Amino acid sequence: METLNFLLQGFAVALTPENLMFAAIGAILGTIIGALPGLGPANGVAILIPLAFSLGLPASSALILLTSVYAGAMYGGRISSILLNIPGDEPAMMTCLDGYPMALKGKAAEALAISAIASFIGSLLATVGLVILAPVLAKFALRFGPAEYFALFTLAFATLGGITGKNQVKTVVAACLGLMIATIGVDITTGNQRYTYDILELYEGVDFIIAIVGLFAISELLFFIEMHAGEGFKKVALNKLKLSMKDIIQVLPTSLRGSILGFIAGVLPGAGASLGSFLSYTMEKKVVGKNGTFGEGDPRGVAAPEAGNNAAANGALVPMLTLGVPGSGTTAVLLAMLISLNIQPGPMLFTQNAELVWGVIAALFVGNLILLLLNIPMIGIFVKLLSIPPKYLMPVVTLVASVGIFAISNSPLDLYFMIGFGLLGYLLRKLHIPLVPVILGMLLGPEMEKSLRHALTISDGDWTILWSSGLSVGIWVVAITGLVLPYIVGPVLRRRMAAAQDKEHSIVD
Amino acid sequence: MIGDRILGIALLLLAVVYGWEAAMFPEPFGGSEAVGPETFPLILSVILGLSSIYLLVRPDEDEEWPHMKMLAELGFVLLVLAVFTLMLQPVGFIPATTLMVSVLCWRMGAKPLPSVVTGVGSAVVVYVLFNFLLELHLPAGLLKLGGGA
């Protein structure tokens, strides 16, 4: 009952004309960002943070704008999967399997419509799940002391590589780099200078928003140039939509199952949207695809991964909001937004900033509906945008990113930092060092060190406090499992995902 | 293989220097505590050191690195961004942006004329959008005529 009251209050926040407008703008921008190949959701949200920040939007509006972008990007990812056979982001990979064959059969419009409906169901159910689960988890998390939090932060890093992660050591390296960058500046507790080398600009530390934009957006530009991808890609033409009620009913059970699986994958640490869409696709194939229509343009093969990845995307907000521990790149970027608005996520968020949190959750419902309404009639416009070649698009995106960074404090130095991080991001990606743990390290570093300090102050310097409660031992066990398990099951899962892709290609060729 | 080995050596060096500096931090005002300013950095230094040794011992397959010409190209792109930053305040947003976007479009394979059109167009649109609609003031530079803000 209490939850429902909060939710109603949330709708009161989300439904003000101003916030409704931000949700709509976010939804449109997000769909565009998600649809353009190479501009994933993390990238898109990252570019928009400094803008939302320097516009001086109130916290709730800024968050509504950015969560709508996040939701929209998940919708948008499917457009390039279906029409270009190129996933806009990683979770949209599985949508290519049946979406592209459907488009080749002259049913592109149907594939897009079905995927929009499945995305809607996935997001909707997962938001309901978020409403139910988040307050419970937040209440539970109130029992966490500093030792548990320290373990939890470690868990976040350990599972970030995901169950399919290739080289866990590289995830650890990335996390260390991020945490090390976070230690630059004046130490909050003692006032000691650390790694500042008497450079005044470093006293306040390195701004993670600059780092995020540099690492993602600028390195992406370098990759586009290196791959000569300026010309764009060949896409399948859009036909006239012929969708009957029967077609929608046919994919409903699939969407429901996909949503539930996806939500679970999203909430669990280390799983994320990619695994969510993979699991729901493979399960659907086993359940209803016995006659071998999957992979040849079965509408259910489009619905399953889309419901799965949208549900997972919203599920991933549960640990981010309640524990302050994001499970994916994009939620990490959303966390960056919260921190720069001076909002500390975690269990207290639901009591101290109830209005804000529930406003955002309500905005997810509203944004989702806007997205469904946008995506069916206006799909033609989004498809047209896909034909803008990256050779014009990427420079303009780079410009918008730079302007955003410059506008934060009108300082050219910030831009040099951004360029430096762009080079770093390029090198790290070339060496297969994941970027998300670097970012997460910069974000969580100060809190992680603080919880270590608190824990050891309480125990008067006794390090065993870190694993002295049942809860913390449990978290450590999960963390260690998360770090080691990919070595055992990772190769098998990766081979299966690759096999599914290969089969797809042999059909298309 | 070689990529990861070089990375391993660089990271090991970083870990040692970073850890060494942490150990040299002066004792904080008010006496030392269980966790001082150096504790967390020291932990990080040890973890990074161990990981970099692992990379040295068991490196991954190399990604294909671009040849010299492409490296020069990428360096040029970074240079263009740096020149943009340098020009931004003294020369102004519109000329700096026109130059940056045009050159980037051109380097990504667009023909000169459409590149310049994109450059001028995006510069003017973003400038107008920011200065008048969003009220974030971008440097006008040389274009600032008379007493306008």
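Which residues touch the most other members of the largest nonpolar core? They are Leu66(A), Ile212(A), Val213(A) and Ile439(A), in a core of 212 residues.

## Basis

This is a predicted model: local features need pLDDT of at least 70, side-chain atom pairs count only at pLDDT 80 or more, and totals for chains, interfaces and linings use all residues. Residues are numbered from 1 along each chain as its sequence is written, while chains are lettered from A and ligands numbered from 1 in the order in which they are written.

## The nonpolar core

A nonpolar core is a set of buried Ala, Val, Leu, Ile, Met, Phe, Trp, Tyr and Cys residues joined through C-beta atoms within 7 Å. Buried means 20 or more other C-beta atoms within 10 Å of the residue's own; exposed means 12 or fewer; partly exposed lies in between, with C-beta atoms placed from the backbone. In soluble globular proteins, nonpolar side chains tend to be buried together.

Leu66(A) is in contact with Gly26(A), Val45(A), Leu48(A), Ile49(A), Ala52(A), Leu334(A) and Met337(A), leaving aside neighbours within four places in sequence. Contact here means C-beta atoms, placed from the backbone, within 7 Å.

## Chain A against chain B

The contact between the chains takes 50 residues from chain A and 51 residues from chain B. On the chain A side, α8 (168–183), α9 (208–226), α18 (390–409), α19 (412–430) and α20 (436–458) each give two or more residues. The largest share, 11 residues, comes from α18(A). Helices (H or I, at least four residues) and strands (E, at least two) are DSSP runs, numbered from the N terminus.

The chain A side divides into 29 nonpolar, 12 polar and nine charged residues. Ala, Val, Leu, Ile, Met, Phe, Trp, Tyr, Cys and Pro count as nonpolar; Asp, Glu, Lys and Arg as charged; the others, Gly among them, as polar.

## A helix crossing in chain A

Helix α1 (residues 2–14) of chain A meets helix α16 (residues 354–375) of chain A, with axes that come within 7 Å and cross at roughly 75°. Axes are lines fitted to C-alpha atoms, for helices over the stretch in contact, and angles run from 0 to 180 degrees between N-to-C directions. That makes α1(A) roughly perpendicular to α16(A), a class covering 65 to 115 degrees.

Residues from α1(A) in the contact include Phe6(A) and Phe11(A), and those from α16(A) include Trp358(A) and Ile361(A). The contact divides into 11 nonpolar residues, three polar and one charged.

## Domains of chain B

Chain B is divided into domain 1 (2–57) and domain 2 (68–143). The bounds come from an automatic or database domain assignment. Their centres, taken over C-alpha atoms, are separated by 40 Å.

## Loop residues

Most residues other than glycine have a negative phi. Tyr195(A) has a positive phi, near 55°. Tyr195(A) sits in the loop between β2 (193–194) and α9 of chain A. His432(A) also has a positive phi, about 60°, and lies in the loop between α19 and α20 of chain A. Tyr195(A) is partly exposed because 18 other C-beta atoms lie within 10 Å. His432(A) is partly exposed, with 17.

Gly36(B) is in the loop between α1 (2–23) and α2 (39–57) of chain B. Gly36(B) is buried because 20 other C-beta atoms lie within 10 Å. Gly36(B) touches Thr190(A) and Pro28(B), not counting residues up to four places away in sequence.

Terms used:
Contact = placed C-beta atoms within 7 Å. Parallel < 35°, antiparallel > 145°, perpendicular 65-115°, else oblique.
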